[in-house]
2 protein chains.
Amino acid sequence: VIACAPFPIRGRRLLLLAEGSFCAADAKTAVCLAMYRPGDVVAVLDSTRAGRRVGEVLGFGGDAPIVASIDDALRARPEIAVVGTAPIGGGLVEPDRSLVARCLEAGLDVVSGMHAFVGDDPELAALAAASGARVWDVRRVTEARAVSDGRGCRTGAGVVLTVGSDCGVGKMTTTVELERAAAQAGMRAAWAATGQTGMILRERGIAVDRVVADFLGGAAEALVNLEGQGVEIVFVEGQGSITHPGYAGVTLGLMYGCMPDAMVLAHEPGRPRYKRLGHDLPELRDLIELYESLMRPWKPARVAALALNTVALSEPDARAAIEAAERATGLPATDVVRAGCARILPAIRDAVRR
Amino acid sequence: VIACAPFPIRGRRLLLLAEGSFCAADAKTAVCLAMYRPGDVVAVLDSTRAGRRVGEVLGFGGDAPIVASIDDALRARPEIAVVGTAPIGGGLVEPDRSLVARCLEAGLDVVSGMHAFVGDDPELAALAAASGARVWDVRRVTEARAVSDGRGCRTGAGVVLTVGSDCGVGKMTTTVELERAAAQAGMRAAWAATGQTGMILRERGIAVDRVVADFLGGAAEALVNLEGQGVEIVFVEGQGSITHPGYAGVTLGLMYGCMPDAMVLAHEPGRPRYKRLGHDLPELRDLIELYESLMRPWKPARVAALALNTVALSEPDARAAIEAAERATGLPATDVVRAGCARILPAIRDAVRR
């Protein structure tokens, strides 16, 4: 039931497809690969930003060129094209579909996290067959037919789930950074990828939002039992938010499938409303109570720390936002990218060990 | 996106397949059809109870014979065979698969709510094609690709969602009975079927547990906007329970998709633990608070009443259980089957109108 990349991704030459959208708000997958695989990215396709470099546009991510066309991109000799956008509903729409077609024609392997599968599109599949290009439809789920029974992780590893106040607040980044920090602190640690972007980094996982709803918890349970093998702590990438009308079902199914010992709440200070919905976000304290009260019938899992995404704030404003959140909640807080995990890791470790 | 029965069911001669399991705990779909379509059921297949009558075994449901074999069943001249069991995981396993094969061979239309589709089984599909039998795979979901945005029902109808303390506590029955009682009280009322059994009764609906998790809320939203047309109140069949490790994701996705104005909590007094899980159920008051606090960020939807399933209790014990639940929660309570809806309908109507 765990999906694995059918070809290696790490260490190979990546072209990121992000036409018209190469910024953190619109091209989550592309931006994330630029952040975590800057040495692998050889070109980004976005004609609206062509001529600039990745680092110039994002403030991080290396100096690969941003180009206007597939022909320009091919000059950088990419081996894999990654669909870098994450539209609501996950359709493979224009211009992405045509760009993917061109890449397959040119023999590039294609990685796509869309709900609409490249491999199921007869025209695209024929192009791949003709050129020998391989396709990883990251969200394709197979054999997921288990219903979760609430037993969670049975490997002996402590489970930490990243939860959020909304979509796109940094749950995946928080998960990756916490795993790295825990390993650096000498813990045997692993992380479990539950969404398409995380899966591309990890080269395996389960796109839990793609699983048939009845089997979501069972899929999460299988995943945490795989990633929890041989480690003392496993950080699970969360999805959505428990009060998000579009995704809360996925959030809760994932919670009950992996049955965390502790949670970390990711949030973007200064974002007062749900992304795209224009409705006020709940107060952090109410959110924390909601997450904890849903876990209470099963185990006393606490929200142990806050991971604040302050990318849009100045350094002093970020510091002030972190301090304000700590005062409001009584929990340690950090921006894991800007300030590292040192401030929150001990509280997380303690919460897991209790 | 709404599934509709491809042939009429109501008023036709039904054979219920419930081999080895014709009781309320194991054959939910069969028992429910016996309850609501006693005049349509012409035979029930269960060799372990053969020779008895439906009413003898269940205490309701008419006097159709329970038979030991398909040959015996065919003597009752059924037109439609309904797979009457609801196994966890929804596989079409033996003996059900062989029984379905025999029915298709005999030219009976087949209705199945399993996750494993009859129509996708090459051998069964061939039998159907050969005899001209038609198949309704009730859980098949098509074109569900919408993400819910939290707007719920926009037809002007008030939405009442039946929620539960566990699976199999009577959410569907409560929904059906409330709709009937509301109509009898002069309200323009409808109900929305969200699970396979309800869909067979209603001849349409969406099996929300079968929808890809990302699109569950969107599917529920579409359904409530269909069933809410031209009525003042729509009762939505709930699924699972908000603290059930296997199904809570479905429960919450459905809540946020239909955005109820009020909820009715179904519960079986005297069931201290989750069915099949052996873990204590939460207290009713904690459950009510959980359901209401999850709705609070979106609308002030209250749990307005309790629907208690007292089928396993004596009359005096049932009365005592209902009174105890009312005292513990401060809400009006009833057993909708045993005592009707009169005691709770006014509170529900008031909660919707507020």
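**How chain B meets chain A**

The side chains of Asp214(B) and Arg139(A) meet in a salt bridge, at 3.7 Å from N to O; the term stands for a side-chain nitrogen of Lys or Arg within 4 Å of a carboxyl oxygen of Asp or Glu. Across the interface of chain B and chain A, two salt bridges are found by this rule. The model is a predicted one, in which local features need pLDDT of at least 70, side-chain atom pairs count only at pLDDT 80 or more, and totals for chains, interfaces and linings use all residues. Residues are numbered from 1 along each chain as its sequence is written, chains are lettered from A in the order in which they are written, and side-chain values use heavy atoms, with hydrogens and water left out.

Turning to the whole interface, 41 residues from chain B and 41 residues from chain A take part in the contact (heavy atoms within 4.5 Å). Together the two chains bury about 3300 Å², with 65% of it on carbon and sulfur atoms; buried area is the accessible area (1.4 Å probe) that two parts lose on being put together, summed over both. In chain B, the most area is lost to chain A by Asp214(B), Pro245(B) and Trp298(B), together 19% of what that side buries.

How are the two copies related? Chain B can be laid on chain A with an RMSD of 0.0 Å by a turn of 180° and a shift of 0.0 Å along the axis, superposed by least squares on the C-alpha atoms of residues with pLDDT of at least 70 in both. This is the relation of a two-fold axis. The same surface serves both copies, as 100% of the contact residues of chain B recur in chain A.
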